[in-house]
Each structure stands twice: as C-alpha cells, then as structure tokens.
Amino acid sequence: MSWIDLTNFGIASGGLLVAILCFIFTCTAYYMEKRSRNFFKVFFLIVILYVASDVAEQISFYREDAGSAVFSRIFLFLESVFSALLLPMLTSYLLGCAGEIPNKTKIMHCANFLLDIYLGLLIYTQFSGKMYYIADDNTYSRGSLYPLLLVPPALMMLLNLIALIRRRDRLSRKQQKAFFYYFTIPLVCMLVQMCFYGLLLTVIGSSVSALLMFVFILTDQVEQNIRQREENLAAKANIQILQMRPHFIYNTMTSIYYLCEQDPQKAMQTIDDFTKYLRNNFTAITKKEPIPFREELSHVHAYLSIEQTRFADKLYVEYDTEYTAFRIPPLTLQPIVENSVKYGVDPELDPLHISVVTKEVPGGSEIIVSDTGPGFQEEDNREPHVALSNIRERLAMMCNGTLTIRSREEGGTEVRIFIPNNL
C-alpha cells in the first residue's frame, strides 16, 4: 500500500465512524425539532452508505483480478450516487428552514434536474469509459471527459450557495454557518481533487462538513428551546402579575375605606404599602434579569404589611434578613409568602406565623420561608404547586438556583431557595 492508499483509507474510516456516531446521536436527540431530526436521520444514513461504499471500494482495489474489478465498479458507482443524493437533500432542507415549500421553488427543480444529469452521466460512463473506467486488472483510470462528471455536483453546490445567500435574512446566524460550511468545504475539496489525482478529499470534506452542519443546527435549536422556555416563563410571570387576586384588591380597598375613619394614619400607611405593592408588581414585568434581593424583600414587606392590616391578630411575620448581598429573579419570594397567607390564614385556626430568613451558605445564598399553616405535600395537585413550579423553573433558568419544599414535622410548610454564588 502506498502512502496515498493509507491516507485515503484512514480518511474514509474516520469519516465512516463520524457518520455512524452522528446517526446514533440523532436517533436519540428527541429534543430536536421533529423535521430536523428526521432529516438528519436520513441524511447521516446516506452519508454512512456513501462512505461505506468508498471503504468497500478501496478494499476491493487491493486485489488485481477481474472478479474484484466488478465489485470495484459497483462500489464506485454506489459511492458516486449516494454522494450526489446529499446535495438535493440539502437544498430541500435549506428551503424548508427558510419557510418555503421546496417542491414549489425553481431552485429545487434545478437541483433535481442537475441530479438527473449527473446520474445519466454515471450510467453512461459504465458503458463508455469516457469519464472513468476500471480495467480487468482492477486498476482505476480517469477518462478524457472526467472533469465533465464533476460539473453537475459543482453546480448543485453553487446553486445551494446562491440559495443560502438569497435567503440568509430568513435564517438564524448558526443556520447560515451550518449551510455555508457544508456547501463550501466539499466544493473546495472537489476542486482540489480535480487537480491532485489519487487523493480522495471529497470523502473527508463531506464527513467533516456534515458534522459541522449538524453541530450548528443542533446548538441553534437548543438555544431556540432555551429562549422559548424563557419567554414562556416570563409570560407565566406576567400573567401572574396581571391576574392579581380580585378579592385581595377588593379587600384591601375595603380595609382602607374603613381605616380612613377609624385610623387615618394607618390608612395612609396601607395606601403607601399598596402603592409599593402595585408598583413592584408591574415593574417586575420589565425585569429580564435577577434583581437585588433588597428589591424583592421590599415587595414582600409591602404585601405582608397589607395582609397584617387586614387580618390583624391572625397573621404574624418575623424577618431575619440582614444578609441581602445576592440577587434573585423578580417575583420569587412574594408569591411564596402569598401562598402561605392564602392557604394558612383561617378564622377557625390558630394565628398564622410566617418566618423569612436569609443566610450565606457554602457556595451561595439561601432563603427559608416557613409557616405554621396546614402544610401540603409535593405530590398534592393543588394551585400552590403551579406557582412554585413556575418559580422553580425561573430560578433554574435565570440563575441556576433551586427550590425545595417540605411539610414541617411540627406543622406548616418550609420552602428553601438556594442561589449559587456564580450569579
């Protein structure tokens, strides 16, 4: 074996391994968009068949007899067919990503037409040897019209490149890079291969560019999923803000009405607390990043002050919050204490005690909210869990934080929030 043979075999074997691994990974990538996952399954399957045909062809060339020459012709033909099939597939996928229906575009028709021409030339050369031929002693030689055989694939690559340039505004940045690398790397390899006889660069070019395209598309979809989750969580938070409990507003205004006559000073304080509460609620809509804990604590103070005015001796609150040197997603703590009040204050039960504690712990900061209410288990399918689930998701998304909840042995509920120091 010459150094060229060894190089070609190593290139093909490496490309085959990459294609197989990518195919396996695609089959398990359930978080990918269904259309993209189905495309890459078929795409990498054809890449596997393409590179496997090349490997089998190289092995068959090691024997110099007529029988091996037949296999060499078959594998070379299959290699050429599978490699050409990839290009119209890319055209169709590109058009789909750009929001078009592939079969209704002229570019797709042109790509299919060029594929038909290429397949026709391949079939023709099996009988004429004008493009290439394999002698009975199993030696490969290029014919005088060999460059003509590379024209249709080259035109398909250029066609795809033009389609990419014209539709770049409808594609994400990573999608643009994915298609650009796949369209240009094999094209360059093909042009170099035309000039340097014997070195099969198109195989490694196709494998590497396929891997790069897959990685860019995959990361783009992961980022889109993350952005979508963030938007969904933000929408849930905004709905929570805009759908403040009507009874809470009504009862607060009623309390202020009676306090105006009974205790004007307290009525003024309640109005001030209610104003702060409303302002903090609506300001939270515009907050896309974690806020200083002091701001969230101010929101909680305003809310609980209003509730203490309403429930008088039925609600007691204790704060141990000297440590505030950390940030937290907006509307994290306030909904937790609101749940405690909503489900813990009952005229027929003992007064509700709520405790809010903050402290510095190894690796981050911790907030502990505990109450003496009826408590509830994590598996309960009640309304508080919807709010807590949303808070847990926003904590994980915005600051890699965690939320845990448990019923206390002495009665009531305890919620712990952990915020890591990397925020």
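Arg310 is partly exposed, with a relative accessible area of 22%; on this scale buried means under 20% relative accessible area, exposed means over 50%, and partly exposed is in between (1.4 Å probe, protein chains only). The model is a predicted one, in which local features need pLDDT of at least 70 and side-chain atom pairs count only at pLDDT 80 or more, while totals for chains, interfaces and linings use all residues. Residues are numbered from 1 along each chain as its sequence is written, and side-chain values use heavy atoms, with hydrogens and water left out.

Arg310 has a charged partner in Glu307, with the closest N and O atoms 2.6 Å apart in a salt bridge (a side-chain nitrogen of Lys or Arg within 4 Å of a carboxyl oxygen of Asp or Glu). Both residues sit in helix H10 (residues 293-311), three residues apart, or about one turn of the helix. Helices (H or I, at least four residues) and strands (E, at least two) are DSSP runs, numbered from the N terminus. Glu307, at 1% relative accessibility, counts as buried. By the salt-bridge rule, the count comes to twelve. Another of them links Glu410 and Arg408 at 2.7 Å, N to O; here Glu410 is exposed, with a relative accessible area of 61%, whereas Arg408 counts as buried at 18% relative accessibility. Shared partners also join Lys359, Glu366, Arg406, Glu414 and Arg416 into one network of salt bridges. Within that group, the side chains of Lys359 and Glu366 meet at 3.8 Å, N to O.

Now for the nonpolar side. A nonpolar core is a set of buried Ala, Val, Leu, Ile, Met, Phe, Trp, Tyr and Cys residues joined through side-chain atoms within 4.5 Å. The largest one has 45 residues, and Phe40, Phe43, Phe179 and Met213 have the most contacts inside it. Helices H1 to H7 are the elements that give it two or more residues, with H2 supplying the largest share, ten residues. Met213 is in contact (heavy atoms within 4.5 Å) with Phe39, Phe40, Phe43, Leu90, Ala178, Phe179 and Tyr182, leaving aside its neighbours within four places in sequence. A second, separate core holds 35 residues, including Ile306, Val341, Val345 and Ile405.

Rings of Phe, Tyr and Trp (its six-membered ring) pair if their centres lie within 6.5 Å; planes under 30 degrees apart count as stacked, over 60 as edge-to-face and the rest as tilted. Phe39 and Phe43 are stacked, because their ring centres are 5.3 Å apart and their planes lie at 25 degrees. These two are four residues apart in helix H2, so about one helical turn separates them. Phe40 and Tyr93 are edge-to-face instead, with centres 5.9 Å apart and planes at 70 degrees. Since Phe40 lies in helix H2 and Tyr93 in helix H3, that pair ties together parts 53 residues apart in sequence. Both Phe40 and Tyr93 are buried. One aromatic cluster takes in Phe25, Phe39, Phe40, Phe43, Phe44, Tyr93, Phe179, Tyr182 and Phe214.

Further along, strand E6 (residues 352-361) is the place of Ser355, which counts as buried at 18% relative accessibility. Leaving aside its neighbours within four places in sequence, Ser355 is in contact with Glu318, Ile368, Val369 and Ser370.
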